[in-house]
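Take a look at the model below. Let us walk through it step by step.

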Amino acid sequence: MNYSANLTEILELEQKLEENMERSRVLTNLLTKGYLSSSLFSEQSNELRAEAAMLKEKKKLLSRSVNNGMTAVSEVEQLLKWASKANMIESFDEAIFSRYIESIMVYSQEEIGFKLKCGLTLKERLVR
């Protein structure tokens, strides 16, 4: 994943939000000094609010994407650390299972998948 591009875009969105706020302040100043009609102020103010809402939503989605990616990387690191020093497991260990497995998917009577918290899905064939 390209986190640096996402982080750069988040910074650009923050800059655009600051510019939006500054334009809103200028608009308010123009209104209070009598240089702008209230109808034009309302129109421009609504446009600025809509733009700010769109920028905030885009920033939120990018931030969530970066955070989810970082969480997955952290989970992979923890799984690799555990797997590299773990001994052979002879029986089911609920603590280990709960720590690394997010969910189980049943594909058919012969095949299931273990979705790991790091994002990987391991498909397993059931033996009879």
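E57 is partly exposed, because its relative accessible area is 36%. That value falls between the cut-offs: buried means under 20%, exposed means over 50%. Keep in mind that this is a predicted model. E57 has a partner. The side chain of K60 forms a salt bridge with E57, and the closest N and O atoms are 3.7 Å apart. Both residues lie in helix α2. They are three residues apart, which is about one turn of the helix. K60 counts as partly exposed too, at 42% relative accessibility.

Now check the surroundings of each residue. E75 has a relative accessible area of 15%, so it is buried. R99 has 26%, so it is partly exposed.

Helix α2 also has a link to helix α1. The side chains of K59 and E14 meet in a salt bridge, with 3.2 Å from N to O. K59 sits in helix α2, residues 38-85, and E14 sits in helix α1, so this pair ties together parts that are 45 residues apart in sequence. K59 counts as partly exposed at 23% relative accessibility. E14 counts as partly exposed at 29%. In total, the protein has six salt bridges by the distance rule.

Stay with helix α1 for a moment. This helix covers residues 3-32, and V26 lies in it. V26 is partly exposed, with 37% relative accessibility. Together with L30 and Y35, V26 makes a nonpolar surface patch of about 300 Å². K16 is found in helix α1 as well. Its relative accessible area is 43%, so K16 is partly exposed. Now find N67. It is 51 residues from K16 along the chain, and the two C-alpha atoms are separated by 22 Å.

Look at the two pairings in turn. Strand β2 covers residues 111-116, and five bridges join it to β1. In this pairing, V106 stands opposite I112 in β2. Five bridges also pair β2 with β3, again in the antiparallel sense. Here K115 stands opposite T121 in β3. β2 and β3 form a hairpin, with four residues between them. G119 lies in the turn and has a positive phi of about 105 degrees.

Now step back to the whole chain. The protein has three helices and three strands. Along the sequence, they follow the pattern α-α-α-β-β-β. Why is the protein described as more spread out than a compact globule? Its radius of gyration is 25 Å, well over the 14 Å that the globule rule gives for 128 residues, so the protein is more spread out than a compact globule. The C-alpha atoms fill a box of roughly 80 × 35 × 25 Å along the principal axes. Of the 128 residues, 19% count as buried. E75 is one of the buried residues.

Key: Residues are numbered from 1 along each chain as its sequence is written. This is a predicted model: local features need pLDDT of at least 70, side-chain atom pairs count only at pLDDT 80 or more; totals for chains, interfaces and linings use all residues. Side-chain values use heavy atoms; hydrogens and water are left out. Patches are made of residues with over 30% relative accessible area and no salt bridge: like charges are joined within 9 Å, nonpolar side chains (Val, Leu, Ile, Met, Phe, Trp, Tyr) within 5 Å. Accessible areas come from the Shrake-Rupley method with a 1.4 Å probe; for residues, only the protein chains shown count as cover. A salt bridge is a side-chain nitrogen of Lys or Arg within 4 Å of a carboxyl oxygen of Asp or Glu. Helices (H or I, at least four residues) and strands (E, at least two) are DSSP runs, numbered from the N terminus. Buried means under 20% relative accessible area, exposed over 50%, partly exposed in between (1.4 Å probe, protein chains only). Two strands pair if DSSP finds at least two bridges between them. The radius of gyration is taken over C-alpha atoms; the globule rule is 2.2 Å times the number of residues to the power 0.38.
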